[in-house]
Amino acid sequence: MSTLTLTHAQILDPSQQLKQFSDVVIVDGLITAITAAGQAADSANVFNANQALLLPGLIDLSAHVNNVASETLAAAQGGVSLLCTQPNSKPIVDTPADVSLLQLASVKANNSQLLPMGALTQGLEGDQLANMYSLKQAGCIALSNARAPIKNALVLRRIMEYATTHDMLIMLTAEDFDLSANGKMHEGPTANRLGLTGIAEIAETTSLAQQLLLVELTGCRVHFSQLSCGRSVDMIRQAQAQGLPVTADVAIANLMFTDLDVNGFDSTFNVQPPLRSEQDRQALLAGINDGTLAICSNHKAQDIAAKKAPFAAAEAGMSILDTWLSMMLTLVNKGELTLDATVNASSIMPAKILGLKAGLQLKQLANLVVVNQNAEVCYSADSLASAGKNSPVLGEPLVGEVQLTFSAGREVYRA
Amino acid sequence: MTRHSDPTQVQLTADGRLKHFLTTEGLSKALLTEILDLADSFISTQERAVKKVPLLRGKTVVNLFFENSTRTRSTFELAAKRLSADILNLDIASSATSKGETLMDTLWNLEAMYSDMFVVRHADSGAAHFIAEQVTPGVAIINAGDGRHAHPTQAMLDMLTIRRHKGTIEGQTVAIVGDILHSRVARSQIHALITLGAKEIRVIGPATLVPKEMADLGAKIYFDIEQGLADVDVVIMLRLQKERMSDALLPSEGEYFKLYGLTEAKLALAKPDAIVMHPGPINRGVEIDSAVADGEQSVILNQVSYGIAVRMAVMAMAMSGQASEQSAVDKTLPNPTSGENA
């Protein structure tokens, strides 16, 4: 029997209004006691948190992972306990065998646990349904088409009907590919000045509107992944008020950056969905603070050559996992997000969306992170465990230093 | 929240001299005027029997054209030769990239040949800027057109044309007509015109070709050409590409000409002494009527000859800026152009 006692931790778990200095006892991976500070029974194995924050571990609703070993290590270092991976890895995850391969790789890596998502359509081609039920049986946490287009509204309707039949969670993105055709960044003054083709807000909102109507028709449980427009947040609020079974998230990049960051043609800021206006960013922040949206990393490691090209020719995506929690805590530090809302959006809501136990609960496998909330950190390419050094915050002053991460009862990182 | 180096400042040395020429945006009035003055002085050398000046003697200039362009490439070639440089023309559109070589690979190969200046045309906005950030210090980049972003030498030869024909740019009302959306020329012209003190810049065309964000750059938007041309001093017509019809941006060339083609009747709405410009090559009967293109108010052919002088000016200035920066970095290196300037 192995016991670890975390002492003098400032616990915060908005799912049970837990906010106090506490000790937490973990026996064989299970949380067995949460007591007032100094009250835990003596144990040989103690981790003194020294007043640092102890949070439910982050749960990432969207990460793009090719190299399981390095990226799950990046997650562990970044305080991410569980990460849902998009099916557009190599190979594409559209058969049970692909799912097993990922699960094995995750076990072998022994870092933060990976929860594979399967493809909605075969080869992500948007045409024929993948063996959705078999993928669920194989252990897929959800099904997604990873921003690849779904051929038309009829296929989308069939996907929703089939998912409803078998009570599956599907994650969809909102993008009308005709309207966004060849766009490289948010349509607005910056795109016009730089001469880059813009992706209009309506490319997202018309698609979202269509999908919400299909949800209304089919009753399908849908999670909308990576919304980028302020208008979309209003549409989700309305849909939820109307009682539709929908949830949504935003990528951290869209909470932190805007189209102005593309100013220097810096390909680091080439992301999908695009970074939008400051108005959109403010609306998305408000969507986190009022509990409408969850936050995902939308992590995508790219090698140097993929980003070393003129903006439009560079591959999209940012390497986020190592720095995700620090990015969020920096927004908290700046007063743009509340701490409670941040923990809710990056751990509690994702758990509920995925149908997992939310928060720090007794007799559950420990998923938690200890983080020095106010410690200043500055990341360099070498400090990232991710194979992708395409981080937007290298050299930037951030706050929030991860001390300890538990994933599914295993200690996966200690500073 | 991350802040980058100001893209418009990448082209300047620490003491504010030109070392690359990537965009007209962000350059001071003094610097733009310096380009025009130097170009003016080269126009007189162009009229002499011996046209060469030795400012770039011993330097190697590479014309790196990822997009085809006979005219712009030729004027850069002539400009380099008249500055006494050695010039290599590389038509990358049909060679390296079709073999799967990346832009970086191409660059590294060319750098290994000890080139001193790249004249770059590329279909991607920001390509020249990207290359300027990647090349070895000491190598100058001249943007010969990147995507829809900038075509600064074309804009400066247009400024020179206006200045030579109207006396000054200050106080002029300038109309730019046509496919503003896709036009790197228009964007570069607008920045230069504003800095050089134009009174008003109007962009004229249908909403499919005139983004409303042009107002953020300082231009006034007109959908009606007759209102837009009223009392202007300068009319700049832009070329209409055939593919705009298949992109559903326009119904037909015929309807476009009817609405926005420059005819003598429409030109009569401008000031009587207004000049007509076009970056070429022109589509007669599509954006401009032959009678106007060949008419008295047209300065289209003058633009072509000023183009060589302007390109000589920016090449000479950028090379000298690079030399001064290099000698500031390493005092032991001789300044390659100082002897020749003396």
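This is a predicted model: local features need pLDDT of at least 70, side-chain atom pairs count only at pLDDT 80 or more; totals for chains, interfaces and linings use all residues.
Two packed helices are described by the angle between their axes and the distance between the axes. In chain A, helix α1 (residues 68–77) packs against helix α2 (residues 96–109) at an angle of about 60°, and the two axes lie 9 Å apart. As for handedness, α1(A) passes α2(A) in a right-handed crossing. On the α1(A) side, the contact is made by V68(A), A69(A) and T72(A), while α2(A) brings in L102(A), A105(A), S106(A) and A109(A). Sorted by class, that contact has five nonpolar residues, two polar ones and no charged ones.

Chain B has a helix pair of its own to look at. Here helix α5 (residues 152–166) of chain B and helix α6 (residues 184–195) of chain B pack at about 50°, with 8 Å between their axes. That angle makes α5(B) oblique to α6(B). The crossing of α5(B) and α6(B) is right-handed. From α5(B), the residues making the contact are P152(B), Q154(B), A155(B), M156(B), D158(B) and M159(B); from α6(B), they are V185(B), S188(B), Q189(B) and A192(B). Six of the residues in this contact are nonpolar, three are polar and one is charged.

Now for the sheet in chain B. Four strands of chain B line up in the order β2-β1-β3-β4 to form an open sheet, and their pairing is parallel. At the edges sit β2 (86–91) and β4 (140–146) of chain B, each pairing on one side only. From one strand to the next, the twist averages 15°. Zooming in, strand β3 (residues 117–122) of chain B pairs with β4(B) in the parallel sense over five bridges. V119(B) stands opposite I142(B), which belongs to β4(B).

Back in chain A, one loop residue is worth a stop. S386(A) is found in the loop between β17 (368–377) and β18 (398–407) of chain A. Is S386(A) buried or exposed? A residue counts as buried if 20 or more other C-beta atoms lie within 10 Å of its own; S386(A) has 26, so S386(A) is buried. Leaving aside neighbours within four places in sequence, S386(A) is in contact with S70(A), E71(A), A74(A), A301(A), S319(A), L321(A) and D322(A). S386(A) and K90(A) are 296 residues apart along the chain, and their C-alpha atoms are separated by 17 Å.

Finally, there is the contact between the two chains. Chain A puts in 24 residues and chain B puts in 25. On the side of chain A that touches chain B, helix α5 (residues 189–194) of chain A gives the most, with four residues. The residues on that side of chain A divide into 14 nonpolar, five polar and five charged.

Definitions and conventions
Residues are numbered from 1 along each chain as its sequence is written. Chains are lettered from A and ligands numbered from 1 in the order in which they are written. Axes are lines fitted to C-alpha atoms, for helices over the stretch in contact, and angles run from 0 to 180 degrees between N-to-C directions. Helices (H or I, at least four residues) and strands (E, at least two) are DSSP runs, numbered from the N terminus. A crossing is left-handed if the near helix is turned anticlockwise from the far one by less than a right angle, and right-handed if clockwise. Two residues are in contact if their C-beta atoms, placed from the backbone, lie within 7 Å. Ala, Val, Leu, Ile, Met, Phe, Trp, Tyr, Cys and Pro count as nonpolar, Asp, Glu, Lys and Arg as charged, and the others, Gly among them, as polar. Angles under 35 degrees count as roughly parallel, over 145 as roughly antiparallel, 65 to 115 as roughly perpendicular and the rest as oblique. A residue is buried if 20 or more other C-beta atoms lie within 10 Å of its own, exposed if 12 or fewer, and partly exposed in between; C-beta atoms are placed from the backbone. Two strands pair if DSSP finds at least two bridges between them.
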